[in-house]
Amino acid sequence: MIQKIKASKSEKIIFIFIICLAIFSLGSFLLIKDKCLFVKDYNPEKIKFEKPNNIAVLNVPCGNVIIELYPEISPNGVKRFITLVKSKAYDDVAFHRVIKDTLVQAGDLEFGKKENIDYGKIGTGKSGLGTINSEVDAPFNFKKGSVALARTQKYNTEDSQFFIVLRDEPLYETEYTPIGKVIYGLKALEKIKYLDKSQYVLRPDYISTLRMLID
Amino acid sequence: MNLIRLILLSLFIFTHVQANTIYNLIKIPNLEIYEINKSNKLRYLYAKQPFTIGVDNNINCYNSEKKVLNEKFKIIQKNLDRYNQKFLKKINLKYIVLCEDLSISKINTAGIPDHIMKTLIIDIKFDERYFERVIHHEVFHIINDSYKEIFDEKIWSNFNVKNFKYAECSTCTDKIGLDTYRETDGFITEYSRSTASEDMAEVFSHLMIGLSLNNSDPILEKKIQFIKNNLLKIDENFIL
């Protein structure tokens, strides 16, 4: 006759502990796997904008980033940006330079495209439209979320590359051409892939799409 | 002890790439912002720790005590406030680095201008007798480097007497005295005799400081007019 064995108190505690550990491990795994878990995805259609013509929507792996452009501050810079956005030139272009909690940079149309990315030359590519002059004279507060055109060490070399600062950068005023500011979705940019040891990212995240709200 | 080592090692391994904005902009490490809210948009930075830069790390400068920094900043700011934002943009000067015991290839120097990086490094402990003057002297080097074609050294050299020759470089001579001559003979200081560029910088700095110069010296008079006329070519509103 088989005797029914009753679990001791300590066995019950161990069992509960194992169950808790399993739940914790599974939860942690899901959290680590999904980097976008707590990032809110903004739907621009549901937001009212004062100047909808100046709104650009950048779609990245963790959702939408909504940028208000400032043509009154940098007319030529914004014009160039809009030209490239309307031609869908930024789609599938890498965030090739990312510094954690500091900035994300993208827009190398020559060497940063997903289908023919060139890690040796990325960051040096051109758009084919030529360079434009820097617009750095107007006062501009480079607060967190500011969007500006990148350039070489020299002024008047802006082309297609742009960056977004993830912290206040007061020294960038009069240094870089500001074109706008992120008004929603900055958290999605903070999740863009970065490397610990280098500003330049191997197997980077890409811009999914970049569109004007009103085409 | 081992635990401390382990912690230090892990810090080294897991430290993220540092986002030093100042270094990215002007390629000088160990600097911090001192003052950036000036109307002429000059950015004053100071050495938080000693730094070494340049070819073969030949430029060195050290951090200063806060008290010294505060005192000297007032003097530097007063002098540099005379240049407006428009003019500074034209000559490509934006960052002023404050540090002490500045040297290049182990030779002490008052300042190191770099118009490419828009930077002027100033030794805040340079001889107080000449301190204000050398600020303008170094600014002139920025002006000169940005407008080499205007400040033509051949034209300048022709102002001097026929048999006079400058040295090959400012550090290849022992003519380094900075006292202003009472009786000039085409040169304001001994250092003026070193190179054409230093000569121009000496004339300019004396004009900026407002020291009365010998009107009866025809060579010096030509040099003064040369500087004044060329500055007006850069900025028609420039006031000496």
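**Figure 1. The buried residues of helix α7 of chain B pack against α5 (131-146), α6 (153-157) and α8 (218-234) of that chain.** The structure shown here and in the views below is a predicted model. Helix α7 of chain B covers residues 196-209. Of its 14 residues, 10 are buried, so the helix is largely enclosed by the rest of the structure. The buried positions in α7(B) are B:Glu198, B:Asp199, B:Met200, B:Ala201, B:Glu202, B:Val203, B:Phe204, B:Ser205, B:His206 and B:Met208.

**Figure 2. Helix α7 of chain B, residues 196-209, is viewed here along its length and at its end.** At 1.5 Å a residue, the 14 residues of this helix should span 20 Å. The C-alpha atoms at its ends are 20 Å apart, which agrees with that expectation. After α7(B) comes B:Gly210, a residue with a positive phi, near 85°.

**Figure 3. Strand β5 of chain A, residues 146-149, is covered on both faces.** On one side of the strand lie A:Ser146 and A:Ala148, and on the other lie A:Val147 and A:Leu149; all of these residues are buried. Strand β7 of chain A, residues 177-184, pairs with β5(A) in the antiparallel sense through four bridges. Within this pairing, A:Gly180 of β7(A) stands opposite A:Val147. Strand β6 of chain A, residues 162-165, also runs antiparallel to β5(A), and three bridges join the two. Here A:Leu149 has A:Phe162 of β6(A) as its bridge partner.

**Figure 4. Chain B touches chain A through nine of its residues, which are in contact with 12 residues of chain A.** Helix α2 of chain B, residues 21-26, supplies the largest share of the chain B side, namely three residues. By residue class, the chain B side divides into five nonpolar, two polar and two charged residues.

**Figure 5. Chain B contains eight helices and eight strands.** Of the 240 residues in this chain, 33% are buried.

**Figure 6. Chain A is divided by the domain assignment into domain 1 (9-38) and domain 2 (44-212).** The C-alpha centres of these two domains of chain A lie 40 Å apart.

Methods:
Residues are numbered from 1 along each chain as its sequence is written. Chains are lettered from A and ligands numbered from 1 in the order in which they are written. This is a predicted model: local features need pLDDT of at least 70, side-chain atom pairs count only at pLDDT 80 or more; totals for chains, interfaces and linings use all residues. Domain bounds come from an automatic or database domain assignment. The expected span of a helix is 1.5 Å times one less than its number of residues. A residue is buried if 20 or more other C-beta atoms lie within 10 Å of its own, exposed if 12 or fewer, and partly exposed in between; C-beta atoms are placed from the backbone. Two residues are in contact if their C-beta atoms, placed from the backbone, lie within 7 Å. Two strands pair if DSSP finds at least two bridges between them. Ala, Val, Leu, Ile, Met, Phe, Trp, Tyr, Cys and Pro count as nonpolar, Asp, Glu, Lys and Arg as charged, and the others, Gly among them, as polar.
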